[in-house]
Amino acid sequence: LTYFHTNMADSGENHAGSETHQHYNSENSSASTQDYLAIFDNPQKDNGASKNQDLGYEFFKGREKTYRESMTSPYGRFANLFDTYHPRCMMKLNVAMRTNPFVKLLLKAMEDSGCSAYKDRHFSCEPCSSQVAGGFDPESNQIVLCQNIISSQGMMNRVLTHELIHAFDHCRGKVDWYNNLQHVACSEIRAANLSGDCSFGGELRRFNLSGIKKHHQECVWQRAKDSVKLVRNCSEEEAGRAVDSVWDSCFHDLAPFHKIPRNKKDAIRAARFRYDYDIS
């Protein structure tokens, strides 16, 4: 799974970028998209990683066969009668899919790329480890939303946006999640850059501002590296090298946005600019 750390999430709404950072026009975005897709055509693999290697699945106990079996047992069905996490998570998911411009833009972009996403098939509210808030499972083509971690609508909006970027990358590129560390790094860069993970307000709430100049880029790099390190159980150095190796192409690939989005209006403009689609 690719996933979103709970210690990097807060209850704020989607905002990304800051006023001090460069924005990119459509020509630059188109060129960088081509560079980005070329990364996924590269057959290079990392050092012998296999599908059975630790890929983060242990953080998502709802994916385990034993857990699913226990929940369909008579005791499990009885316990579900008193579960409040799942219905609250589903309610937040419904609100996000219906009202959040970031989510609506990404769903439209996936549909236009031939990967329509359906709530009952492609989204799942499940219990998770406290280290994560969500994930994208490429085997089942499902986004996992951690029902015991996502505590507010704002958090749901951002976790869902982050994971939809992974799903969008999976749809449009030949992403080798299991064997190519650069592929994982590229999608983590894009998710951190475009989802609002590194918004100025979010970083301020986390007391994580070492300076304004180029702070957004530094935040994206750090969060992408941390995600790669945890999901692939590799060293700091290996994760950092993977992020560095694809940084230029992946940081500057803004699809389906037309610039680094700072607020909901930017997502609405991107839908009109790229897809002639009104999501306001």
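Residues 24 or more positions apart account for 73% of the contacts in the protein chain with a separation of 6 or more, where contact means heavy atoms within 4.5 Å. This is a predicted model, in which local features need pLDDT of at least 70 and side-chain atom pairs count only at pLDDT 80 or more, while totals for chains, interfaces and linings use all residues. Residues are numbered from 1 along each chain as its sequence is written, and side-chain values use heavy atoms, with hydrogens and water left out.

Now colour by secondary structure: the protein chain has twelve helices and four strands. These are DSSP runs numbered from the N terminus, with H or I of at least four residues for helices and E of at least two for strands.

Of the 280 residues, 55% count as buried, meaning under 20% relative accessible area.

**First stop: α5 and α7**

Select residues 101-112 (α5) and 153-172 (α7); their axes lie 9 Å apart at an angle of about 15 degrees. Axes are lines fitted to C-alpha atoms over the stretch in contact, and angles run from 0 to 180 degrees between N-to-C directions. The two helices are therefore roughly parallel, the word for angles under 35 degrees. Show side chains to see the contact, with Phe 102, Leu 106 and Met 110 among the α5 residues and Leu 160, Leu 164 and Phe 168 among those of α7. By class, this contact has twelve nonpolar, two polar and no charged residues (nonpolar: Ala, Val, Leu, Ile, Met, Phe, Trp, Tyr, Cys and Pro; charged: Asp, Glu, Lys and Arg; polar: the others, Gly among them).

**Second stop: α7 and α8**

Including His 166 and Asp 169 of α7 and Glu 188 and Arg 190 of α8, the contact has five nonpolar, three polar and four charged residues.

Finally, select residues 215-232 (α10) and 236-251 (α11), whose axes come within 9 Å and cross at roughly 130 degrees. Trp 221 and Lys 225 are among the α10 residues that meet α11, where Asp 244 and Trp 247 are included. Here the classes are eight nonpolar, three polar and four charged.

Notes. Angles under 35 degrees count as roughly parallel, over 145 as roughly antiparallel, 65 to 115 as roughly perpendicular and the rest as oblique. Buried means under 20% relative accessible area, exposed over 50%, partly exposed in between (1.4 Å probe, protein chains only).
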